[in-house]
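Hi everyone, thanks for making time this morning. I'd like to walk you through one model, so please bring it up on your screens.

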Amino acid sequence: MKKETLPCASRAVRFGIALLCAAAGHASAATWVYVSNADSQEISVLELDRAEGVLKPVQTLNVGGTAMPMAVSHDKRVLYAALRSQPFRVVSLSIDAATGKLQKLGEAPLADSMANIDLDASGKWLFAASYQGGKISVNAIGKDGAVGPIQQLVQTGPNAHAVHADAGNRFVLATSLGGDNVSSWRFDADKGLLSPNDPPLTMGTAKSGPRHFVWDKAQRHVYLLDELDAALHVYAWDAARGTLKLEQSTTTLPPGFAGKPWAADLHLTPDGRFLYASERTSSTLSAFKVDAASGQLQPLGQTPTEKGPRGFAIDPSGRYLIAAGQESHGISLYAIDSATGALGKPSRITAGKNPNWIEIVDAP
């Protein structure tokens, strides 16, 4: 019997259907939101539904300690959470890409109560910064993604608060909130060892309290937020020498502010066009437009948010900002206007007690 051949038109239809199915599958890839709740000692797992603009509860996982800073592995398969209650440790949690749910991989000791954790560019090392101890540390990460033993512990100025490596993985910066400086370290990524850079420090204004910072994607600028005066600074980044040069300073405080500044977090949109910062006393989110050529900031105003917004995050698409309120115990989801950077009317969901850190993961 002669085999019937498929007409060209039918083949085209089937090919088109296959493309549509593939596109639909890509479009339906889930986005998971992880919120650490310090006082209820748990991590909330939420799904970000971009089509509806809402957050949906998925899981609440007790981690047996004061959960605060978190970080995500580069392959999006492991979530790391530092516990700031004794015994100080970091919990490694595997991420189920299909459901977003977390499962414990293991625990490893940390040298102190850590205010910030992050991975180096290779994903083989975990950095941590201790506010109480004025120190930063390096832990090894195993092939299974679980954090291992402490590799190195170095003293910094008082109240270390943030520690991150540059994209080239050659330098590490760390803030000293109590010392009003940013320290620069050379990083040996093969051995996981830090050594002081030359010069070792960039000094800020007295009693400014350098807290959180981010690099732009092009690694041309570093944006630094002060906690104690709520100032926001733009530094030129010398990627060859690992040094900073101040180019601009502005404020995250709303007009007429008369309280005690208490700035917290800052993030750039993935396209680098807008930067946002949180201030806890006024419970506001400040927005800034980033000049593509100079990296300098144009203030766009403030948006009221959850009470005590210690942590927030921007989703990988750049369409949504999610803010956590330490004092409101709630989470607000804002749509970001891609043209103006304005934040839309929020949708809100209750979290655990003292939500303070947010990580967002697009399923791989």
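Ala167 touches Ala121 and Gln219, leaving aside residues up to four places away in sequence; contact here means heavy atoms within 4.5 Å. You'll find Ala167 in the loop between β12 (160–165) and β13 (171–176), with strands being DSSP runs of E of at least two residues, and helices runs of H or I of at least four, numbered from the N terminus. Is Ala167 buried or exposed? Its relative accessibility is 53%, so Ala167 counts as exposed; the cut-offs are under 20% for buried, over 50% for exposed, and partly exposed in between, with a 1.4 Å probe and protein chains only. From Ala167 to Ser282 is 115 residues in sequence and 34 Å in space, C-alpha to C-alpha.

A quick word on what we're looking at. This is a predicted model, numbered from 1 along each chain as its sequence is written. Local features need pLDDT of at least 70 and side-chain atom pairs count only at 80 or more, while totals for chains, interfaces and linings use all residues; side-chain values use heavy atoms, without hydrogens or water.

pLDDT is the predictor's confidence in each residue, from 0 to 100. The chain has a mean of 93, and 92% of its residues reach 70 or more. Residues 1–27 stay under 50, and the model gives them two contacts beyond four places in sequence. Where pLDDT is low, the predicted coordinates should not be read in detail.

Buried residues make up 55% of the 364 in the chain.

Which residues have the most contacts inside the largest nonpolar core? They are Tyr34, Ile43, Met70, Leu79, Leu93 and Leu102, in a core of 20 residues. By nonpolar core I mean buried Ala, Val, Leu, Ile, Met, Phe, Trp, Tyr and Cys residues joined through side-chain atoms within 4.5 Å. Strands supplying at least two core residues each include β1 (31–37) and β28 (355–362). Leu102, not counting residues up to four places away, touches Tyr34, Ile43, Leu79 and Leu93, among others.

Last stop, strand β20 (residues 263–268): five of its six residues are buried, so β20 is largely enclosed by the rest of the structure. It pairs with β21 (residues 274–279) in the antiparallel sense over four bridges; pairing takes at least two DSSP bridges. Leu268 stands opposite Leu275 in β21. In this hairpin, with five residues between the strands, Gly272 has a positive phi near 75 degrees.

Thanks, all!
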